[in-house]
Amino acid sequence: MAIARDTSATGTASTVTSHTDSYILGASATLLVVFHVFNTAVPSTETTATWNGSNMTVVPGMDTIAAFTAGPFKFSAWYMTNPTTGTHDVVTGTSGSEYQ
C-alpha cells in the first residue's frame, strides 16, 4: 500500500492555548498524522490533539520536544488509525500560551 499526503496547512500567528483547523480527509484514509510546531516564550507542553472530537495518540517520544537548537520552538506528533473521513477539525491544546 502506498503512503500519500492528503492535505497540509500552516496556522495563523496568534497567542493561544488551543488551535483549530478544518481539513478534508479522503475516503480511503486509514491513518491520520498531525505534526505541530509552535513557538512559546513560556514553558508549555502539547497536552491534547483531537480529530472530529476524538482523542489522538501522541507518537512515543514526540510529545513536545525541542526540535530546533535556536529559539523556543517545540514540536509534537500525534496519530489516529482509521479516522473518520470527511471534513472535520483538528484541535491542538497546550498547557500554556503559545505563539503559532
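From the N terminus on, the elements of the protein follow the order β-β-β-β-β-β-β-β, giving eight strands and zero helices. Helices (H or I, at least four residues) and strands (E, at least two) are DSSP runs, numbered from the N terminus. The model is predicted, so local features need pLDDT of at least 70 and side-chain atom pairs count only at pLDDT 80 or more, while totals for chains, interfaces and linings use all residues. Residues are numbered from 1 along each chain as its sequence is written, and side-chain values use heavy atoms, with hydrogens and water left out.

The mean pLDDT of the protein (the predictor's confidence in each residue, from 0 to 100) is 76, and 59% of the residues reach 70 or more. Confidence is highest in strand 4 (residues 54–55), at a mean of 96, and lowest in strand 6 (residues 65–66), at 52. The pLDDT is below 50 over residues 66–70, a stretch with five contacts in the model beyond near neighbours in sequence. Contact means heavy atoms within 4.5 Å.

Of the 100 residues of the protein, 30% count as buried. Buried means under 20% relative accessible area, exposed over 50%, and partly exposed in between (1.4 Å probe, protein chains only). The accessible surface comes to about 6100 Å², as given by the Shrake-Rupley method with a 1.4 Å probe, where for residues only the protein chains shown count as cover. Carbon and sulfur atoms account for 57% of this surface. Among contacts between residues at least 6 apart in sequence, 75% join residues at least 24 apart.

The largest nonpolar core has 11 residues: Tyr-23, Leu-25, Ala-29, Leu-32, Val-34, Ala-49, Trp-51, Met-56, Trp-78, Met-80 and Val-90. Strand 1 (15–25), strand 2, strand 3 and strand 7 are the elements that give two or more residues to this core. A nonpolar core is a set of buried Ala, Val, Leu, Ile, Met, Phe, Trp, Tyr and Cys residues joined through side-chain atoms within 4.5 Å. In soluble globular proteins, nonpolar side chains tend to be buried together. Not counting residues up to four places away in sequence, Leu-32 touches Leu-25, Trp-51, Met-56, Trp-78, Tyr-79, Met-80 and Pro-83.

Thr-50 lies in strand 3 (residues 46–51) and is buried, because its relative accessible area is 15%. Beyond residues up to four places away in sequence, Thr-50 touches Asn-55, Met-56, Asp-89, Val-90 and Val-91.

Strand 2 (residues 31–39) contributes the largest share of the patch, three residues. Tyr-79 lies in strand 7 and counts as partly exposed, at 30% relative accessibility. Lys-74, found in strand 7 (residues 73–81), is partly exposed at 22%.

Asn-52 is placed in the loop between strand 3 and strand 4 and is partly exposed, with a relative accessible area of 37%. Asn-82 is placed in the loop between strand 7 and strand 8 (86–99) and counts as exposed, at 60%.
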